Amino acid sequence: MRYIGKEMSRVDGVAKVTGQAKYAAEFQVKNVAYGFIVQSTIAKGSIKSIDTSEAEKQSGVIKIFTHLNSVKRKDKDDAFCALQNEKIVFNGQPIALVVAESFEQARFAARLVKAEYLKEAHLTETEKAPTVDSRGGKVRGNPKEALQNAAVRISAEYTIPIEHHNPMEPHAAIAMWDGDKLSIFDKSQGVKEVQRHLAKSFGIATENVSVVSPFVGGAFGASLNPNYYPFLTAAAAREIKRPVKVNYTRRQMFTGHGYRPYTIQKVQIGASKDGKLQAIIHEAIGNTSTFEDFSETPNGFGRTLYNCPNYDTPYKLAKTDLPTPTWMRAPGAVSGAFAIESAIDELAYELKIDPLQLRIINYAEKDPDTGKPFSSKALMECFKQGAAKFGWEKRKPEPRSMRDGKWLVGWGTATGTWGAMQLPASIRITLKADGTANVGSATADIGPGTYTVITMIAAEFLGISPEKVKFELGDTKLPNAPVQGGSFTTASVGSAAHGAALNIKKKLFDFAVRDFGFAGVSVEDTEMAKGFLFSKKDNSKSVAIADLMKKNNLTEIVENYTSMPSKERNNYTSMAHGAQFVEVKVDEDLGIIKVTKVIEATAVGKIMNPKTSHSQEMGGIVWGIGMALQEQTEIDHRYGKMMTTNLADYHIPSNADVHTVETDFIEEDDKIINPLGIKGMGELCLVGIPAAIANAVFHATGKRIRTLPITIDKIL
Amino acid sequence: MRPFKYERATDAAAATKAVSANSSAKFLAGGTNILDLMKEDVERPTALIDITRLSLSQIRSANGGVSLGALAKNTDTANHPLVRQNFPLLSMAILAGASGQIRNMATNGGNLLQRTRCPYFYDVAMPCNKREPNSGCAAMEGLNRMHAIFGWSEKCIAVYPSDMAVALAALDATVKVQDANGKERTINFGDFHRLPENSPEKDTNLTNGELITSIEIPKNNFAGKSYYLKVRDRASYAFALVSVAAALETNGNKIKNVRIAMGGVAHKPWRAMEAEKMLVGKEATEANFKMAAEAEMKNAKPLEHNKFKVELGKRAIVRALSMAMNGDKA
């Protein structure tokens with residue numbers, strides 16, 4: 001391979017650091033007006049009256065939309081839609097949009113809109129809210145009985161607060177109409193989803209909606225669903241017959257795009273004295289809104305991980321008067337892993353077995369749920385390599401047994417797993433006679449390096465250098481691709497790029513057979529490189545691609561290709577795996593925890609671009625440090641309101657919180673998952689980190705903290 | 001942000017006149033706090049008088065101590081040789097606060113005047129006596145993990161956020177101010193900020209239009225034995241849960257002189273007078289530090305979510321004194 005597997009800097013890096021890369025709010029649109037969202041100050045009830053008269057008088061104000069004069073959605077689903085009626089279903093709900101000549105004018109006038117409410121009693125505590133059943137997996141074996149009969153049992157409850165994605169770039173849209181045709185710049189992880197949503201909402205044809213989102217300043221799931229602002233923006237633009245821009249403030253983001261749900265998990269494990277798991281009952285409750293069910297099945301996480309004959313995963317949703325949660329990096333898995341991987345650690349101490357050894361004892365050689373083999377699973381190698389690099393064998397088993405001066409030292413481990421998914425994806429490659437190629441797919445690049453990796457794959461199989469490839473994404477005019485989420489983009493769109501390039505080679509090969517004496521050569525034995533199609537076995541068989549095109553009066557070859565997950569995948573379970581080894585140092589007097597070292601070894605198929613791959617893994621680890629020690633959206637339940645809604649109160653790690661972080665890949669050669677052997681990694685890298693940190697904190701201090709984040713007050 | 005008038009003052013007299021003539025006018029220096037507050041609709045000045053062109057950015061020695069211009073930047077102050085050599089406690093405290101970018105903009109005078117970060121103060125939909133007198137205190141029964149354990153009132157439990165001011169309190173600084181008539185006065189640091197009592201809307205004892213011109217730190221012998229300890233929820237860019245500025249002057253192991261001030265515990269920098277009194281003349285031992293810390297913290301009145309601050313405060317006092325005494329060997 002010339003490019004695949006080798007380090008490559010981001011093809012969009014220069015554009016990003018020089019400001020040429022345009023994010024949704026940055027597009028210059030003539031005659032644009034600015035919308036500012038007014039939010040409710042109660043959590044539940046209805047709007048009794050809304051007075052916009054004072055706001056309307058202010059200079060620059062064009063129009064104020066409320067539920068009384070707003071555009072109503074043509075198509076209704078459960079997702080929240082702004083200004084549809086007088087009902088208030090969460091605190092911070094949009095109740096008006098002030099549109100003015102400038103952002104400042106709109107923001108000022110927005111503060112003069114006065115609403116009166118008919119208040120109703122609200123409930124925002126997950127612990128107290130009514131629940132509905134949302135069970136995912138089936139009961140395996142007879143967990144209750146097996147638990148009763150187990151020689152050793154543990155039972156513990158784990159709580160994870162609401163967390164918000166907090167990407168750097170606030171969500172924004174600029175919408176404009178041309179007759180019945182809508183164009184919108186949006187921050188999106190899937191332009192086709194936004195297109196479908198807007199077409200249905202306005203009752204117009206899908207092809208009449210154009211969504212453009214070439215660069216996304218982080219999203220992490222916060223832009224997977226269309227959110228309420230694109231419709232609100234487009235509706236305002238249609239009414240005032242001018243382009244309108246709406247940009248969330250940081251505070252508005254907290255109620256504007258969903259969040260990781262508040263989760264309470266109870267884990268009961270039964271095991272034999274030699275550490276063999278007998279039964280796991282992993283119950284979970286996650287909060288959702290009153291109007292929409294969001295289900296992420298956190299307790300599904302452990303089902304494929306451990307060889308345990310009896311397993312149950314009851315799951316309930318608590319209906320709270322809050323906005324609907326959504327997918328947030330490693331949704332379900334990282335929450336489930338915090339519970340299961342902490343509980344396994346607790347069991348290890350109970351059994352006096354090394355926590356890594358306990359995981360090896362219960363290693364699943366095949367999927368315990370289905371009995372299917374794994375298409376590949378190098379987790380054991382991750383254990384070995386990660387442990388060796390970390391120096392795990394020097395760990396003293398007793399809590400509080402390791403020190404560095406006044407610091408207590410703790411070493412913890414945990415395992416992560418995430419599905420190696422692939423979805424149908426389409427791409428168009430246009431190979432030109434001048435040796436350049438245009439590649440397009442309506443996927444997104446929210447930061448992982450999709451621009452770069454698809455460029456590399458196209459360049460590799462078209463036999464041209466990456467500088468000759470121009471890859472476009474984030475535009476509904478491009479061929480269909482799934483949203484960027486679930487860590488399946490490279491497997492899906494990369495497979496399409498690979499397939500399209502091979503088809504182009506096949507077309508050229510057919511020309512070569514007909515016109516240039518390639519008879520007797522098989523297409524598999526040919527390769528494209530440096531402008532030539534040639535046989536790898538027979539030096540005499542070589543022809544310039546430009547000549548092949550010229551001979552056929554072509555200036556370019558266009559290939560539209562859709563890749564599908566193979567049928568063979570159905571015979572296997574395909575997962576990515578990883579092992580985390582964490583060192584913490586704890587100043588017990590002051591409760592301060594430093595994560596001084598993280599070694600992560602992951603098995604995620606074939607690594608396409610080591611540079612961006614390591615970058616993603618490091619990002620996931622830093623995220624895990626935040627989730628374990630800092631992140632928390634606090635709610636004042638008296639008001640049903642989120643209170644830590646800015647980056648001063650909602651903590652994420654600063655540079656000073658991050659010390660040694662090393663990420664290793666154990667490559668797997670898995671051609672069952674897709675021809676290039678690609679698994680995703682953007683979520684896997686995070687999954688085990690919070691548990692590994694909590695386990696390290698226990699090893700350091702003897703304190704088992706089961707409620708995240710592990711703040712100073714919990715250590716004192 | 002509400003519409004406001006912006007004026008650039010050419011001298012201190014004009015600036016103080018402009019602000020004292022309009023009860024809703026404010027001085028604008030680094031702007032690192034007031035602009036945020038205006039965007040949040042918390043501060044609603046009708047006029048901003050930009051004082052950044054006034055020549056008040058000197059840092060110079062004065063009577064063996066140092067005079068810090070009100071408009072000197074926090075970064076320049078923290079890094080100034082006079083400060084680093086003679087008052088390293090102040091350097092440490094400044095550098096423990098905010099971020100490099102903010103310290104580059106923030107001025108010394110502005111630092112003293114920053115307002116509480118209580119989330120209820122910042123959220124205009126919430127009751128807050130400090131923001132809107134007599135609207136109530138939502139923090140009292142609300143999320144009050146960050147709030148005061150000393151000196152709070154039924155009206156307000158907010159804490160004062162500055163790190164710099166905690167060191168200045170320990171160093172017995174004074175604040176020089178000038179009013180619209182050109183009259184100057186000097187305020188002892190302990191009298192500069194207020195406890196909330198019945199009027200939490202007033203953070204300081206400045207009158208409207210009074211301009212801080214400089215902060216004076218008198219000569220002392222603490223340079224060799226001082227430490228600023230800040231305990232917070234992350235390693236950088238977070239407000240203190242508890243902070244302690246500790247300074248010792250010893251004769252052998254005997255304490256001749258000691259200063260202890262705390263941040264994150266009250267509506268103003270909290271001088272631990274009780275602890276100081278107990279330590280003078282005693283041996284600088286951990287046992288004595290502990291005894292003094294306990295004496296100080298026994299008067300704390302914690303709230304529902306900040307009980308941990310009492311124990312943390314004790315330990316932080318002991319640690320800060322030990323660090324001041326013994327450095328990294330502590």
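A residue is called buried when its relative accessible area is under 20%, exposed when it is over 50%, and partly exposed in between (1.4 Å probe, protein chains only). This tour applies that scale to a predicted model, in which local features need pLDDT of at least 70 and side-chain atom pairs count only at pLDDT 80 or more, while totals for chains, interfaces and linings use all residues. Residues are numbered from 1 along each chain as its sequence is written, chains are lettered from A and ligands numbered from 1 in the order in which they are written, and side-chain values use heavy atoms, with hydrogens and water left out.

Select Arg395(A), which is buried at a relative accessible area of 10%. Arg395(A) belongs to the loop between helix H10 (379-390) and strand E17 (402-404), and Asp354(A) to the loop between helix H8 (333-351) and helix H9 (355-361), so the pair ties together parts that are 41 residues apart in sequence. Helices (H or I, at least four residues) and strands (E, at least two) are DSSP runs, numbered from the N terminus.

Next, select Lys389(A) and Glu662(A), whose closest N and O atoms are 2.8 Å apart in another salt bridge. Lys389(A) lies in helix H10 and Glu662(A) in strand E30 (residues 660-665), so this contact ties together parts that are 273 residues apart in sequence. Lys389(A) is partly exposed at 35%, and Glu662(A) is partly exposed at 31%.

Then move to Arg2(A) and Glu460(A), which meet in a salt bridge of 3.8 Å, N to O. Arg2(A) lies in the segment before helix H1 (13-17) and Glu460(A) in helix H11 (residues 450-462), so the two tie together parts that are 458 residues apart in sequence. Which of these is buried and which partly exposed? Arg2(A) is partly exposed at 30%, whereas Glu460(A) is buried at 5%. Over all chains, the structure holds 64 salt bridges.

**Second stop: an open sheet in chain A**

Select strands E21, E20, E19 and E25 of chain A, which form an open sheet in that order with mixed pairing. Two strands pair if DSSP finds at least two bridges between them. E21 (469-472) and E25 (556-563) stand at the edges with a single partner strand each, so one side of each is left without a neighbour in the sheet. The twist averages 15° from one strand to the next. E19 (residues 425-432) runs antiparallel to E25(A), joined to it by eight bridges; Thr430(A) stands opposite Val558(A) in E25(A).

Now display helix H11(A), which packs on the sheet and touches E19, E20 (437-440) and E21. Contact means heavy atoms within 4.5 Å.

For Cys685(A), the nearest cysteine sulfur is that of Cys382(A), 13 Å away; Cys685(A) is buried at 0%. In chain B, the nearest cysteine sulfur to Cys137(B) is that of Cys156(B), 6.0 Å away. Cys137(B) is partly exposed at 22%.

**Last stop: domains of chain B**

Finally, colour domain 1 (5-52) and domain 2 (226-325) of chain B, whose bounds come from an automatic or database domain assignment. Their centres, taken over C-alpha atoms, are 36 Å apart.

Conventions
A salt bridge is a side-chain nitrogen of Lys or Arg within 4 Å of a carboxyl oxygen of Asp or Glu. A disulfide is a pair of cysteine sulfur atoms within 2.5 Å. Axes are lines fitted to C-alpha atoms, for helices over the stretch in contact, and angles run from 0 to 180 degrees between N-to-C directions.
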